[in-house]
Amino acid sequence: MRQILFMDTTLRDGEQSAGVNLNPQEKLQIARQLERLGVNVMEAGFAAASEGDFQSVRDIARIVQNASVMSLARAKESDIRTAYEALKDAVAPRLHVFIATSDIHMKHKLRMTREEVLDTVRSTVALSKSLFPVVQFSAEDATRTDYAFLAQVVEEAIRCGADVINIPDTVGYTNPQEYYQLFQYLKNHVPSYDKAIFSCHCHDDLGMAVANSLAAIESGIGQVEGTINGIGERAGNAALEEIAVALHIRKDHYQADTSIHLKEIKATSALVSRLTGMVVPKNKAVVGANAFAHESGIHQDGVLKEASTYEIISPELVGEEANKLVLGKHSGRHAFMDRMQELGYQLSEEERDRAFRSFKQLADRKKEVTEEDLHALILGEAAAHDQPYEVKHLQVHFVSNSTQSATVMLEDQDGKVLEDAATGAGSIEAIYNAIQRILDLDCELIDYRIQSITQGQDALAHVHTELQQGGKRVSGFGVAQDVLEASARAYVHAAGKLKRLLTVAR
Ligand SMILES: CC(=O)SCCNC(=O)CCNC(=O)[C@H](O)C(C)(C)COP(=O)(O)OP(=O)(O)OC[C@H]1O[C@@H](n2cnc3c(N)ncnc32)[C@H](O)[C@@H]1OP(=O)(O)O
Ligand SMILES: CC(C)C(=O)C(=O)O
């Protein structure tokens, strides 16, 4: 099995993401975590870019023991010497010198001819090699470079001492097949090809950075570059964690090993996201919050029976908690019952049916049914089950600064429907007056409490009521998404008990 080296550039190209600015402390924190992750090389920054970048590269170079630390430098003597100063204390320092080779960059940006670029490559790579044990050379915008000229530049760079040759897809322009073939072309047209390690560096402008990197690996290269969470200039870089996991899961295909400790992926991703403020999309491969969440009933049933039915990556592999069966409107009985058991509920078949029906009704209205929702649901079910009346329909008419009115329809245990309407100073009072009329009660509301038992906009309300009449005092509660509905249920729960007590007492 061949070994693929991982070059992480989260601290350099990743920090080039618009709006990201890491301070030296934060960069050190990320560097430590990258070391734990097991990257072979980390590009700590661009030492000549600013005093702050210089310090960060120097600080990182001083602490990292188990990876090469690299700085970017333009093909300019001053950049190279500044990088040398920043990296001289590193255990394994490395320079990354680059210059653009595409006609479009040479003509418009560098304003240099091909010959001038070739001369610059020769002199700056030679200078770099006189200062550093390992030199990486990048031909910026390689994928839009004339292939014959690119091969010439690469040959010169290797002859002048470059140990690693990077062929970047700077603007995310290539595609997997084309990138694969570019490396094949270089293999066939660069005489010194075998004297250097070839590297790929892909951007995600067309959404193909990871696919292009994997194609380059298939083409036989030895090093892959990218960032954690795929952050970086414009649409970002290839996401290193995705490449590492793809190589692991499809070892049968890629036949390659890496030094990456996959279990550190989740922690690394979370740290980078937190410090850069670049939120990881929920559906992102490997590290997104939904990457191991199953919502639909058929999938949940499959996963409960055998995880590999719908999971090619086990969450534990990347340091993620166990898979999550999200209960929602697409969930089925198996997942629902599994969670009920986990929560400690032993339900009879009848209770199960009722609870599942209520769950489906709730799930139709809520994005995700949480554990608190389930407790509330069972609580509500239990309350509904032992009460003589059930709220069938509720209609409330609200007029600001006026008397409110409500129409309530109840059903008793024999299926008889009872209906009445009333007014009140507030909506809840109007509902309660209507219920009193229906049940022919003249009770006093001595306690009313409302509590939100779940979180978010679609939280469930739990209402507690206490009623008193003729020396009898009872309590009731109701759970619903709507406060008025929960209030009506709580009142009917208590009122039903009161009615029973008063009837028995007569
Ligand atoms: C593909 C990449 O990701 S490359 C890395 C990009 N990263 C960055 O640019 C971040 C850090 N950059 C910076 O802080 C600044 O751009 C600096 C300090 C490097 C340079 O700043 P300035 O001297 O003000 O120059 P400015 O950025 O405006 O222009 C870049 C200059 O470098 C030249 N240049 C660009 N790339 C190279 C190169 N690889 N080798 C030599 N010269 C280069 C440009 O032609 C231009 O030269 P000019 O001033 O003679 O026209
Ligand atoms: C400096 C080079 C490697 C780069 O970042 C790019 O071309 O995208």
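## Exercises on a predicted model with two ligands

The shell around ligand 2 divides into 3 nonpolar, 5 polar and 2 charged residues. Keep in mind throughout that this is a predicted model.

**Exercise 1. Find which residues form the shell around ligand 2, and which elements give two or more of them.**

Solution. 
- Step 1: list the shell. The residues around ligand 2 are Asp13, Leu72, Phe98, Ser138, Glu140, Asn166, Pro168, Thr170, His201 and His203.
- Step 2: assign elements. Strand E6 (134–140) and strand E7 (164–169) each give two or more residues to this shell.

**Exercise 2. Describe the shell around ligand 1 by its closest residues, its elements and its classes.**

Solution. 
- Step 1: 15 residues surround ligand 1, and the closest are Ala49, Arg74, Ala75, Ile99 and Leu110.
- Step 2: at least two shell residues come from strand E5 (93–100), and at least two from helix H4 (103–110).
- Step 3: the class count is 6 nonpolar, 3 polar and 6 charged residues.

**Exercise 3. Locate the positions that UniProt marks as "binding site", and work out how they are arranged in space.**

Solution. 
- Step 1: the unreviewed UniProt entry places this feature at Asp13, His201, His203 and Asn237.
- Step 2: these positions spread over 225 residues of sequence, yet they cluster in space, with a largest C-alpha distance of 10.4 Å.
- Step 3: take Asp13. Its place is the loop between strand E2 (5–8) and helix H1 (24–37). Asp13 counts as buried because 23 other C-beta atoms lie within 10 Å, the cut-off being 20 or more.
- Step 4: take Asn237, in the loop between strand E9 (223–226) and helix H9 (240–249). Asn237 is buried too, since 32 other C-beta atoms lie within 10 Å.
- Step 5: link the two. Leaving aside neighbours within four places in sequence, the contacts of Asp13 are Thr227, Gly232, Glu233 and Asn237. With the same exclusion, Asn237 touches several residues, including Asp13, Cys202 and His203.

**Exercise 4. Is Asn229 buried or exposed, and is Asn401 buried or exposed?**

Solution. 
- Step 1: start from the backbone. Asn229 has a positive phi of about 65° although it is not a glycine, and phi of Asn401 is near 55°, also a positive value. Most residues other than glycine have a negative phi.
- Step 2: Asn229 belongs to the loop between E9 and H9, while Asn401 sits in the loop between strand E13 (389–397) and strand E14 (404–412).
- Step 3: count neighbours. Asn229 is buried because it has 29 C-beta neighbours inside 10 Å. Asn401 is exposed because it has 4 other C-beta atoms within 10 Å.

Terms used:
Residues are numbered from 1 along each chain as its sequence is written. Chains are lettered from A and ligands numbered from 1 in the order in which they are written. This is a predicted model: local features need pLDDT of at least 70, side-chain atom pairs count only at pLDDT 80 or more; totals for chains, interfaces and linings use all residues. A residue is near a molecule or strand if its C-beta atom, placed from the backbone, lies within 6 Å of it. Helices (H or I, at least four residues) and strands (E, at least two) are DSSP runs, numbered from the N terminus. Ala, Val, Leu, Ile, Met, Phe, Trp, Tyr, Cys and Pro count as nonpolar, Asp, Glu, Lys and Arg as charged, and the others, Gly among them, as polar. UniProt positions are given in the numbering used here, feature names are shortened, and annotations may be inferred rather than shown by experiment. A residue is buried if 20 or more other C-beta atoms lie within 10 Å of its own, exposed if 12 or fewer, and partly exposed in between; C-beta atoms are placed from the backbone. Two residues are in contact if their C-beta atoms, placed from the backbone, lie within 7 Å.
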